[in-house]
Amino acid sequence: MKNGLTRRGFLKGIGAAAAAGGMSFSGLAKLAAAPARRYQGLPTLVYMFPGGVQADVARVQDALNAIAAERIGATIELRAVDWGAYDTQISLINASGEAYDLAFTAPWINNYYTNIGQEYLAGIGDLLPELAPNYYASMTQDTWNAARVGGDIYGGINQQIFVKPFGPYIRSDVLEAIGLADAFNSMTSYADLEPILAAVKEFADSDDTLTHATSNLAPLSIAENWGFDPILQYLVVKGTDESAQVQIYTQTDEFAQAVETIRRWYLAGYAPSDVQQWTEMDAAWQAGQIAVRVADIVKPGGNAEVAARWGWDVTSRALVEPMLTTGGVIATLNGVGSVSANPELAVRYLELVNTDPLFYNTLCKGIQGVHWDWEDEAQGLIRPAGGAASFADTGYNPNTDWMFGNVFNAYYTDPSQVGAWPETAELNRNARSSPVLGFTFDGSNVQTELASISAVSREYADPLGSGVVEDVAAGLATLNQAMLDAGIERVRDEIQSQVDAWKASRA
Amino acid sequence: MTTPHQQLLARRQRDTDLLLNWISRFSLHLVIIILAVLCLIPLLLIVSASFTDEIALTRNGYQLVPSQFSTEAYALIFRNPGTIVRAYMVTIFVTGFGTIISLTIMSLLAYALSRPDFVLRKPISLIVFFTMLFNGGIVPYYILMTQYLRVQDTLFALLLPYFVVAYYVLILRTYFAALPAELIEAARMDGASELRIFWSIALPLAKPALATIGLFTALSYWNDWTTSLYFIRDANLYPLQYLLYIIQSNAQAMQLQATVGTINMGEVPTQTARMAMAVLATGPAALIFLFFQRYLVRGVTLGAFK
């Protein structure tokens with residue numbers, strides 16, 4: 001009886017929910033109605049990018065359109081798709097032939113090369129110099145060549161840090177406690193890091209919270225640490241090698257040295273004996289259990305960024321000469337959809353967003369007086385508007401400046417950042433160009449080998465890179481044999497022949 | 001007449017029986033209790049972790065009793081309560097309304113297919129069965145939904161995919177077919193219309209089957225997030241599971257591209273918040289299951305009686 005009553009009550013609840021849902025249904029009509037057009041007759045450019053929909057996006061869009069209508073004779077529609085959905089939705093949109101004008105693309109999300117192969121992106125190499133002259137002139141030919149595939153450019157490059165000067169980060173308070181600040185700041189190679197790690201470990205033994213010097217040694221085996229440009233993870237070209245000989249990374253002396261160092265440091269107890277995931281590593285930082293990140297990108301403003309992320313003041317030092325690589329340059333691109341009705345306007349938009357600081361910052365930070373106010377206009381430093389505690393509380397904070405355009409035009413949001421952009425631009429400008437800058441590899445002939453190599457990598461290279469393999473020399477030999485069996489030489493020869501053809505075409 | 005000695009023996013026998021009975025029961029219960037505990041511990045760990053302080057969780061690891069009690073994770077999720085309440089509303093509506101409509105359509109279809117005197121029985125059964133073996137794949141599905149039906153960014157997009165599930169139709173058809181033909185014949189003799197026979201005779205008898213299929217359908221609606229992944233861009237129409245997926249995957253995406261540019265990791269939900277999300281998502285589903293459990297057990301075992 002009691003049971004029956006409860007059940008009926010439950011059904012009643014469902015009925016009520018259905019009634020409530022009926023109200024949501026009226027929301028359908030609202031969605032179907034097109035938004036009122038203020039700029040009638042002007043074409044609208046649809047811009048797809050990953051990110052959460054911001055509360056105030058309509059207001060920001062209006063502010064952007066006021067500029068865009070006048071400057072390029074078009075309005076834009078910002079279509080943010082959540083990070084987790086972007087890859088799926090954009091690939092469905094592409095496959096079904098749905099039109100959009102601009103989309104964020106990169107080798108790591110909405111894959112640039114797949115989009116080119118499937119002809120989802122329009123070639124804009126001829127349009128750029130004509131319709132986006134200032135933007136096109138703001139980067140060197142070498143840089144633009146990095147985005148070139150089969151002779152054409154399929155995406156506008158966002159200027160940001162192109163180089164990856166790797167080096168260690170250390171918590172400033174720990175560095176001070178062990179009294180090795182001078183030693184840290186004068187390091188020239190990873191070998192110099194060893195005594196510092198030893199001192200941190202000693203300090204950790206007497207400290208309650210700090211458990212280990214670092215949590216993960218694997219980043220030390222990344223090829224960029226040793227002056228290579230990785231065309232693929234294990235197929236690299238030495239930055240100083242003008243003849244551009246493709247090498248198998250695991251066969252190089254540098255890799256052997258890296259894994260030997262990692263094993264030695266592992267045995268010395270600088271990292272926990274159970275290998276940790278990256279996510280756990282972040283948690284360990286936040287909890288104050290570790291004090292060193294052995295190898296990460298050291299960039300202007302990087303210390304402030306890490307401090308914001310992990311809550312600790314840090315000191316860092318780059319140990320690798322910065323190098324311009326294809327991968328670094330094309331990490332962030334905005335492409336023009338191949339079914340776009342207005343590709344010329346889309347390229348004009350790229351000019352606008354990359355060269356007009358007001359337009360760009362409105363897109364990145366919102367409207368002055370509504371979402372941000374000047375803290376110091378001369379320095380280009382802003383603060384959240386209306387006494388909001390952080391930019392996250394202002395109603396518009398996509399927080400992805402690097403996705404929209406030239407970050408060197410972005411306003412600073414933290415005093416410690418001031419000056420980071422010219423410094424970064426300087427770093428990019430003075431960096432050595434990789435001998436294969438502008439080369440992109442087409443792996444379609446060696447798909448099977450690439451899959452086997454990735455399996456071998458997980459089975460043999462990852463354990464070596466984390467220091468758990470007891471006999472490093474034997475482990476290295478096994479790894480290299482497995483790599484040979486997986487067909488890595490075929491891949492190397494394929495890359496080499498493509499590199500040679502690419503070099504010949506440039507000469 | 002029994003001697004005291006015989007009485008004693010009998011009582012001993014009884015005691016031994018009782019003891020044996022008790023031991024066998026106890027050991028059975030013990031096994032089941034251990035199994036139940038094994039199933040419960042992971043759930044309890046999640047609940048406990050969701051109430052643990054973030055830093056304490058990293059330092060002490062997962063524990064059954066929070067090492068340092070904190071409701072910070074729930075505060076983080078409910079910092080923007082509108083979003084999660086809306087997502088609950090969407091999910092509850094889609095689950096409730098969708099299940100009712102889907103049961104109506106599927107039982108009507110299954111009943112018609114179960115009647116031997118229905119002329120189109122074979123061709124329609126074939127069509128239903130055919131969709132179980134072959135389908136167009138994701139891109140035609142997407143094109144159909146967005147360019148022909150134009151349901152993207154509406155609740156219809158969430159409802160449509162589970163209105164008719166071929167497999168459930170076949171189960172229901174089998175169930176209806178097992179009802180005695182004489183019952184239907186008798187009803188017709190009494191002057192009942194087809195609809196009336198369906199409504200007053202077939203449906204009440206099929207309650208256990210309907211409850212089982214209803215539960216399955218409700219769970220499909222409740223747990224579905226892929227449909228939203230394909231068709232929903234309007235954050236106001238996010239169902240609960242998809243909202244949780246989005247929160248989670250946004251955090252992963254940010255970690256993935258942390259090296260690309262300046263990212264404020266302060267916004268990323270923490271380990272404890274993930275656990276809190278899991279608790280919020282599974283809690284209500286578990287409740288629904290409790291309500292339907294009785295029917296479910298009956299429905300599942302029903303085939304065995306024949």
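From the N terminus on, chain B reads α-α-α-α-α-α-α-α-α-α-α-α-α-α. Chain B has 306 residues, of which 28% count as buried. Among its contacts with a separation of 6 or more, 71% are between residues 24 or more positions apart.

This is a predicted model, and the predictor gives the complex an ipTM of 0.74 and a pTM of 0.80. For chain B the mean pLDDT is 84, and 88% of the residues reach 70 or more. Confidence in chain B is highest in α7(B), at 94, and lowest in helix α14 (residues 271-301) of chain B, at a mean of 73. Over residues 259-267 of chain B, pLDDT stays under 50. The model has 20 contacts beyond four places in sequence for that stretch. Where pLDDT is low, predicted coordinates should not be read in detail.

How is chain B divided into domains? The domain assignment gives domain 1 (18-70) and domain 2 (86-305). Seven residues of domain 1 of chain B are in contact with seven residues of domain 2 of chain B. On the domain 1 side of this contact, the elements that give two or more residues are α1 (4-50) and α2 (54-60) of chain B. The one that gives the most is α1(B), with four residues. By residue class, this side of domain 1 of chain B divides into four nonpolar, two polar and one charged.

Chain A is divided into domain 1 (37-160 + 329-430), domain 2 (166-217 + 270-321) and domain 3 (227-262 + 441-507). Taken over C-alpha atoms, the centres of domain 1 and domain 3 of chain A are separated by 35 Å.

Within chain A, helix α13 spans residues 302-310. Which of its residues are buried? They are Gly302(A), Glu305(A), Val306(A) and Trp310(A). These residues lie on the same side of α13(A), because they cover an arc of only 110 degrees around the axis. After α13(A) comes Gly311(A), whose phi is positive, near 75 degrees.

Two residues other than glycine also call for a look at the backbone. Most residues other than glycine have a negative phi. Asn110(A) is not a glycine, yet its phi is positive, about 45 degrees. Asn110(A) is placed in the loop between β3 (102-105) and α4 (112-117) of chain A. Is Asn110(A) buried or exposed? Asn110(A) has 25 other C-beta atoms within 10 Å, and a residue with 20 or more counts as buried, so Asn110(A) is buried.

In chain B, Arg150(B) has a positive phi near 50 degrees and is likewise a residue other than glycine. Its place is in the loop between α6 (138-148) and α7 (155-159) of chain B. Arg150(B) has 12 other C-beta atoms within 10 Å, and the limit for an exposed residue is 12 or fewer, so Arg150(B) is exposed. Asn110(A) is thus a buried loop residue with a positive phi, whereas Arg150(B) is an exposed one.

Definitions and conventions:
Residues are numbered from 1 along each chain as its sequence is written. Chains are lettered from A and ligands numbered from 1 in the order in which they are written. This is a predicted model: local features need pLDDT of at least 70, side-chain atom pairs count only at pLDDT 80 or more; totals for chains, interfaces and linings use all residues. The arc is that of the directions from the helix axis to the C-beta atoms. Domain bounds come from an automatic or database domain assignment. pLDDT is the predictor's confidence in each residue, from 0 to 100. Two residues are in contact if their C-beta atoms, placed from the backbone, lie within 7 Å. Ala, Val, Leu, Ile, Met, Phe, Trp, Tyr, Cys and Pro count as nonpolar, Asp, Glu, Lys and Arg as charged, and the others, Gly among them, as polar.
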